[in-house]
Amino acid sequence: MASGCSKFSNFFGMPAISTVFFLFLQWNETVKLFRGGMPLRRHWAHFRCYDNSFTGSEGIDYLHELLKRNQNFGPEVTRYQSLQLLRKFLKNHVIEDVKGRFGNEDFDDNGRLYRFPPQSPLKPLPQRVPISQRHFIPPIPRWDDCEVMQGPEKIPMKPLVLNSESWNKRHSIAIGEVPECKLIRRKEITPKHVDQIWTSMTLAHLQSVLGLQSLDGVLDAKLLSPKHIVHNVFRVNKQGIVILKNKSDDLPHWVLSAMKCLANWPNGSDSKQPMYPGFERDVFRTVAEHFQRLKEPLLTFHLYEIFVSILGLLPREQIAVEALQVCCLLLPPANRRKLQLLMRLMAKACHNHALPPLNDAIGTRTLMVQTFSRCILCSADEVDLDELLATKLVNVMLDNHENVLKVPAELHRSVEEHLSHLRRAQFQRSYPDIYCKRFPTPESEAAVLPERPQRLKPQLMFLTLKKPLQPFQRSWSFRA
């Protein structure tokens with residue numbers, strides 16, 4: 001079994017794999033590990049014996065331990081999640097009862113007998129999308145693609161009457177005595193260009209971090225809004241929390257008050273609020289019910305595949321965190337703000353020892369992950385291992401909540417340098433002579449201002465003498 005777990009872990013260390021293949025292969029590898037390691041024995045039921053079978057409780061026990069030992073799921077997997085996965089195994093004919101029945105999810109934690117079917121339960125891998133049909137990242141706009149600002153064809157001018165003084169000025173300019181002043185109209189970068197550059201460079205950076213040749217199959221660039229990326233980068237407060245233009249998109253005031261009360265317990269509760277035994281549980285239930293009623297998860301349905309693909313990078317945690325940083329920039333500002341506030345609440349509640357237990361059966365961290373994992377990540381359609389994938393991703397985000405929701409510093413610096421380069425390149429192309437005067441090269445600066453040798457500071461005489469001072473010796477005398 002150790003070799004099977006190692007194979008499972010090494011496979012998911014491969015970053016250059018699409019989400020569709022990732023999900024199918026993860027399902028197949030899980031099925032292989034379960035079929036290859038599940039203990040089978042003879043059982044009796046209704047005065048008959050069934051060889052090579054197992055009970056529902058035995059199956060849950062083994063699968064639960066198998067998933068907890070595997071780094072792709074982790075020790076946070078619950079027994080109930082293992083039960084749900086076995087129900088999907090029964091529905092997809094990975095297992096069947098001893099009478100050969102399958103196709104439903106009537107699997108319970110009891111002594112009912114099950115067995116493995118003789119045919120292969122593995123799912124066939126989907127066909128790859130041809131390269132000709134892939135959607136590539138939109139190119140970074142160039143200055144040649146920008147709209148040229150049309151100026152007036154003829155500028156009305158007041159008739160000039162030449163006198164001796166004005167003629168002398170014009171003549172001096174003509175012969176080069178006085179340098180002529182030029183009015184430079186430089187083409188500016190519009191907000192639309194900035195949005196396009198941020199989108200293109202963000203997707204290119206994400207593709208590089210994931211190690212993919214293309215984002216096809218994991219992300220549809222047409223569904224992204226460039227304004228969302230720019231908003232998430234620049235419209236933030238001192239703590240990095242997104243500031244919304246439309247306050248109606250924010251969390252309701254009563255939800256924010258409940259989250260603040262729970263995050264700063266016991267100092268966060270208002271003195272006017274009633275304090276009674278179990279008050280903190282009611283506050284938590286209020287927050288949970290609001291997020292569970294959301295029509296769409298915070299990471300959105302159309303970004304589900306790109307976030308799931310990050311699970312393949314978990315063995316390299318630093319790269320996985322960087323990929324999460326970039327992906328979270330693609331969220332709508334309202335979703336990013338809600339996710340930031342929710343992750344801060346979950347982190348503070350897990351580390352607050354003064355907070356009473358919110359559940360009698362499980363710990364605070366497990367409760368937080370189980371309650372909000374489906375509110376953060378889930379698929380629009382039913383996906384195998386959906387809940388386990390959401391649990392694993394939320395645990396990673398919770399462990400790195402301070403870094404995951406920050407703007408990637410390398411990406412921010414690259415975009416700003418690119419914008420600065422575009423502005424300078426356009427000025428250089430339009431006015432090369434003036435550019436050389438305003439922005440001289442190191443060679444031209446050295447010719448005009450040659451480097452002077454550094455002056456040495458005066459030193460004391462006794463520090464510069466090579467030989468020590470000798471005692472004075474009189475070699476001759478003035479006396480006769």
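The following legends describe an overview and several close-up views of a predicted model.

Residues are numbered from 1 along each chain as its sequence is written, and side-chain values use heavy atoms, with hydrogens and water left out. Because the model is predicted, local features need pLDDT of at least 70 and side-chain atom pairs count only at pLDDT 80 or more, whereas totals for chains, interfaces and linings use all residues.

**Figure 1. Overview of the protein, with its 19 helices and four strands.** Helices (H or I, at least four residues) and strands (E, at least two) are DSSP runs, numbered from the N terminus. Of the 480 residues in the protein, 42% are buried; buried means under 20% relative accessible area, exposed over 50%, and partly exposed in between, with a 1.4 Å probe and protein chains only. The accessible surface comes to about 29,900 Å², and carbon and sulfur atoms account for 54% of that surface. These areas come from the Shrake-Rupley method with a 1.4 Å probe, and for residues only the protein chains shown count as cover. Among contacts between residues at least 6 apart in sequence, 70% join residues at least 24 apart; a contact means heavy atoms within 4.5 Å.

**Figure 2. The open sheet of four strands, in the order β1-β2-β4-β3.** Pairing in the sheet is antiparallel, and two strands pair if DSSP finds at least two bridges between them. The edge strands, each pairing on one side only, are β1 (41-45) and β3 (96-97). Helix α3 (residues 56-69) packs on the sheet, where this helix touches β1, β2 (48-55) and β4. The direction of α3 makes about 25° with that of β2; axes are lines fitted to C-alpha atoms, for helices over the stretch in contact, and angles run from 0 to 180 degrees between N-to-C directions.

**Figure 3. Bridges between the strands of the sheet.** β1 and β2 run antiparallel and are joined by four bridges. Histidine 43 has tyrosine 50, in β2, as its bridge partner. The hairpin of β1 and β2 has two residues between the strands, and histidine 46 takes a positive phi near 55° there. Two bridges join β2 to β4 in the antiparallel sense, and phenylalanine 54 stands opposite tyrosine 114 in β4. Strand β4 (residues 113-115) also pairs with β3, antiparallel and over two bridges; glutamate 96 stands opposite arginine 115 in β4.

**Figure 4. The crossing of helices α4 and α14.** The axes of α4 (residues 79-91) and α14 (residues 386-399) come within 9 Å and cross at roughly 145°. From α4, the residues Gln81, Gln84, Leu85 and Lys88 meet Asp386, Glu387, Leu388 and Thr391 of α14. By class, this contact has two nonpolar, three polar and three charged residues. In this classification Ala, Val, Leu, Ile, Met, Phe, Trp, Tyr, Cys and Pro count as nonpolar, Asp, Glu, Lys and Arg as charged, and the others, Gly among them, as polar.

**Figure 5. Aromatic pairs, of which the whole structure has 12.** Rings of Phe, Tyr and Trp (its six-membered ring) pair if their centres lie within 6.5 Å; planes under 30 degrees apart count as stacked, over 60 as edge-to-face and the rest as tilted. Phenylalanine 34 and phenylalanine 116 form an edge-to-face pair, 5.6 Å centre to centre with 75° between the planes. Phenylalanine 34 lies in helix α2 (residues 19-37) and phenylalanine 116 in the loop between β4 and α5 (164-174), so the pair ties together parts that are 82 residues apart in sequence. Phenylalanine 34 is buried at a relative accessible area of 0%, and phenylalanine 116 is buried at 15%. Phenylalanine 284 counts as buried at 8% relative accessibility, as does phenylalanine 372 at 0%. Ring pairs also link Trp27, Phe34, Phe54, Tyr62, Phe89, Phe107, Tyr114 and Phe116 into a cluster.

Figure 6. Valine 404 is buried, with a relative accessible area of 1%. Leaving aside neighbours within four places in sequence, valine 404 is in contact with Val321, Leu324, Gln325, Cys328 and Met397. The C-alpha atoms of valine 404 and alanine 320 are 9.3 Å apart in space, while the two residues are 84 residues apart in sequence.
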